[in-house]
Every structure is written in structure tokens, then in C-alpha cells.
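Please look over the sequence and the structure below before reading on. The report that follows goes from the inside of the chain to its charged pairs.

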Amino acid sequence: VADLVRKHADAGRQVLVWCVFDTEAKLIGRKLRGIEGVAQLHGDIPEDERSRILEQFRRGEIRVLVSKARLL
């Protein structure tokens, strides 16, 4: 997954990585360290920060977003 995301992010595309479990999302987030513009949403993030991250993704400031569908 990380290699595929890197390929598309390096090509200038925005990428949304859907996960099922928090553990899965955190693991993928760690594998994506080093890519500029990666953010992660998980249950530990306060609601106001989630909203800020989503808005930045919508504006293209965040290139890769890792999250569970339930949080969005």
C-alpha cells in the first residue's frame, strides 16, 4: 500500500487511503513517513483538529490522507 501511495503522490496526485482499523491506519501512516503532505485521522484526534485536516485535504494542502471511513 505504501509503495502504491508513494507512486501516486510522487506523480502529484492526491491520495485517500481508506482503512478499517485504527491499528491498520497507524501502521500505514508510519510506512508513509517521509512523504511530504501526509496526514492521518484516527480516533485519538480531537474533532476540531479532524475538521482542520479535512479542510486542508480539500484545499490540496495535504496530499495524502489516511483514515477510516467512519471518521469522515
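Which residues does Ala25 touch, not counting residues up to four places away in sequence? They are Cys19, Gln40 and Val66, where contact means heavy atoms within 4.5 Å.

## About the model

This is a predicted model, in which local features need pLDDT of at least 70 and side-chain atom pairs count only at pLDDT 80 or more, while totals for chains, interfaces and linings use all residues. Residues are numbered from 1 along each chain as its sequence is written, and side-chain values use heavy atoms, with hydrogens and water left out.

## One side of helix H2

In helix H2, which covers residues 22-31, the buried residues are Ala25, Ile28 and Gly29; buried means under 20% relative accessible area, exposed over 50%, and partly exposed in between, with a 1.4 Å probe and protein chains only. These three cover an arc of only 105° around the axis, which puts them on the same side of H2; the arc is that of the directions from the helix axis to the C-beta atoms. Thr23 and Lys31, on the other side of H2, are exposed.

The buried residues of H2 pack against strand S1 (15-19), strand S2 (38-40) and strand S3 (64-68). Helices (H or I, at least four residues) and strands (E, at least two) are DSSP runs, numbered from the N terminus.

## The nonpolar cores

The largest nonpolar core has 12 residues in all, among them Ala2, Val17, Ala25, Ile28 and Val66. Helix H1 (2-10), S1, H2 and S3 each supply at least two residues of this core. A second, separate core of 9 residues includes Ile53, Leu54, Phe57 and Ile62. Such a core is a set of buried Ala, Val, Leu, Ile, Met, Phe, Trp, Tyr and Cys residues joined through side-chain atoms within 4.5 Å.

## Salt bridges

Side chains of opposite charge can pair when their charged atoms come close. With a salt bridge taken as a side-chain nitrogen of Lys or Arg within 4 Å of a carboxyl oxygen of Asp or Glu, the count comes to 7 salt bridges. One of them joins Lys68 and Asp22, at 3.4 Å from N to O, and this pair links distant parts of the chain, since Lys68 lies in strand S3 and Asp22 in helix H2, 46 residues apart. Lys68 counts as buried at 9% relative accessibility, whereas Asp22 is partly exposed at 26%.

Glu55, Arg58, Arg59 and Glu61 are linked in a network of salt bridges.
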